[in-house]
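Thanks for passing this one along. Here are a few notes to read with the model open beside you.

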Amino acid sequence: MNARALVAWNVRRIRVERGIPQEQLAYDAGIDRSYMGRIEQKKENPTIDLLDRIAATLGIHLSELFAEPAMGATPPKPMSRGRKPARQCRNSK
């Protein structure tokens, strides 16, 4: 697996494990959500400074973004899409 694929795999894996939506991670790291998506899709080559910000936002050491997955590991499942359903007001009939 090349470095871009390792970063994509690990960003997504850690983000999904922690239940962080892609949009929230991007916002907290100070980048556009679509750019974050392209990082996770291996379409972008982020700078080391940006990877450092993403790692800090995730609360991990930068080196964790380059960790090799275990043999036979399956890619992280996507989080559910879209907004959460609106809660019904108690006073509505």
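What is the length of the polar contact that joins the side chains of Glu40 and Gln22? It is 3.1 Å, where a polar contact is a pair of N or O atoms within 3.5 Å; within protein, one must be able to donate a hydrogen and the other to accept it, and residues adjacent in sequence count only if both atoms are side-chain atoms.

This is a predicted model, in which local features need pLDDT of at least 70 and side-chain atom pairs count only at pLDDT 80 or more, while totals for chains, interfaces and linings use all residues. Residues are numbered from 1 along each chain as its sequence is written, and side-chain values use heavy atoms, with hydrogens and water left out.

1. Glu40 is buried, with a relative accessible area of 11%; buried means under 20% relative accessible area with a 1.4 Å probe, protein chains only. Its side chain also makes a polar contact of 2.7 Å with the side chain of Arg15. Leaving aside neighbours within four places in sequence, Glu40 is in contact (heavy atoms within 4.5 Å) with Ala8, Val11, Arg12, Arg15 and Gln22.

2. Next, the helix pair. The axes of α1 and α3 come within 7 Å and cross at roughly 115 degrees; axes are lines fitted to C-alpha atoms over the stretch in contact, and angles run from 0 to 180 degrees between N-to-C directions. From α1, Val7, Ala8, Val11, Arg12 and Arg15 meet Met36, Ile39 and Glu40 of α3. Those residues divide into 5 nonpolar, no polar and 3 charged.

3. Now α1 itself. Its buried residues include Trp9, Asn10 and Ile14, and their cover includes α2 (22-29), α3 (33-40) and α4 (48-58). At the start of α1, a side-chain oxygen of Asn2 reaches to within 3.1 Å of the backbone nitrogen of Arg4. After the helix comes Gly19, with a positive phi near 70 degrees.

4. Not counting residues up to four places away in sequence, Leu58 touches Ile14, Arg15, Arg18, Ile20 and Leu25.

Notes. Buried means under 20% relative accessible area, exposed over 50%, partly exposed in between (1.4 Å probe, protein chains only). Helices (H or I, at least four residues) and strands (E, at least two) are DSSP runs, numbered from the N terminus. Ala, Val, Leu, Ile, Met, Phe, Trp, Tyr, Cys and Pro count as nonpolar, Asp, Glu, Lys and Arg as charged, and the others, Gly among them, as polar.
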